[in-house]
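Dear colleague,

Please find below the structure for your review.

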Amino acid sequence: MGNFGNLIMNENMKIFRRPRTWIMLSILALISLLMPVLLNQGMGSSEVPYWQAAITTVQIVFFLNTIFCVVIAAEAVAGEFTWGTIKLLLIRPWSRSKILASKYLTVIGFSILSTLLVVILATVMSYILFSHSVTQDGSGASASHAFALWGYLYVDLFITLAIAFMVSSVFRSGALAIGLSLFIMFTQNLFSLIFNPVRYEWAKYVLFNNMDLSRYMDSAADYGLLEDGNAGMTLGFSIAVLAVYYVIFMLISWVVFNKRDVAG
């Protein structure tokens, strides 16, 4: 376990020793702090609940957060081949599975760190600038609503990172991993529109139709867990489909990395 901990520490050092990483985190922090200020200037602070401002800020910044995390995931494995350092890892007394696992856990750790940075800064700044009162009808954003939405956003990010990591491991190309992940991000809604589960029964098993879990937040019970909306799709169904895709992505990554002559 100690050796594995050293592996993870080594991977974190590779990430955080690069100025690029700190620049990306600084950009996320700056935008998370400035966006509530811009919203305050445009919307005012007297009537808008601070949770609503925080939700809006995180939704805007999260797109950039996903791109930055994808960059880290795409180069986790492919970068070792690009820089020629993969052989230095393979000659160490660590199995390939441990090497790949350490890289993946480091990527996930970075995504959690960047997400928490965005959420905390956006919430704190919104709390300072916007109203703390509840709307007259008792509706509107709340802490539970905000954290549920942010959790769904992270699930989308989590699956996107799995795709980027798989492509990085299989094709050893950071550019391809980044490009494919960005393509999925930009065309996700388009493919969901084309392959509509209402028209095509099989479409409810398509990855794109299950990545956006936030749509279930408008369901009547438990955010869609029990309601039969979206052509028979529920929150539980989408989570199960995503879990299957995730296992497939991870299996492909591990099998290819372990079987291919990566030292060649």
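**Aromatic contacts and a surface patch**

At 7% relative accessibility, Tyr 104 counts as buried, because the cut-off for that class is under 20%. Please note that the model is predicted.

Tyr 104 belongs to an aromatic cluster whose other members are Tyr 154, Phe 158, Phe 165, Tyr 246 and Trp 254. Trp 254 has a relative accessible area of 21% and is therefore classed as partly exposed.

A search of the whole structure returns 21 aromatic pairs. One of them joins Phe 16 and Trp 22: the ring centres are 5.7 Å apart and the planes meet at 55°, so this pair is tilted. Both residues are partly exposed, Phe 16 at 22% relative accessibility and Trp 22 at 47%. In the pair of Tyr 104 and Trp 254, by contrast, the arrangement is edge-to-face, with 6.5 Å from centre to centre and 80° between the planes. This pair links distant parts of the chain, as Tyr 104 lies in helix H5 and Trp 254 in helix H9 (residues 235-259), 150 residues apart.

Another ring, that of Phe 237, has the charged end of Lys 204 sitting over it, 5.5 Å from the ring centre.

Helix H5 (residues 96-129) also contains Tyr 127. With a relative accessibility of 44%, Tyr 127 counts as partly exposed. Together with Ile 112, Leu 116, Ile 120, Val 124 and Ile 128, Tyr 127 makes a nonpolar surface patch of about 570 Å².

Yours sincerely

Methods:
Residues are numbered from 1 along each chain as its sequence is written. This is a predicted model: local features need pLDDT of at least 70, side-chain atom pairs count only at pLDDT 80 or more; totals for chains, interfaces and linings use all residues. Side-chain values use heavy atoms; hydrogens and water are left out. Patches are made of residues with over 30% relative accessible area and no salt bridge: like charges are joined within 9 Å, nonpolar side chains (Val, Leu, Ile, Met, Phe, Trp, Tyr) within 5 Å. Accessible areas come from the Shrake-Rupley method with a 1.4 Å probe; for residues, only the protein chains shown count as cover. A salt bridge is a side-chain nitrogen of Lys or Arg within 4 Å of a carboxyl oxygen of Asp or Glu. Helices (H or I, at least four residues) and strands (E, at least two) are DSSP runs, numbered from the N terminus. Buried means under 20% relative accessible area, exposed over 50%, partly exposed in between (1.4 Å probe, protein chains only). Rings of Phe, Tyr and Trp (its six-membered ring) pair if their centres lie within 6.5 Å; planes under 30 degrees apart count as stacked, over 60 as edge-to-face and the rest as tilted. A charge sits over a ring if NZ of Lys or CZ of Arg is within 6 Å of the ring centre and within 35 degrees of the ring normal.
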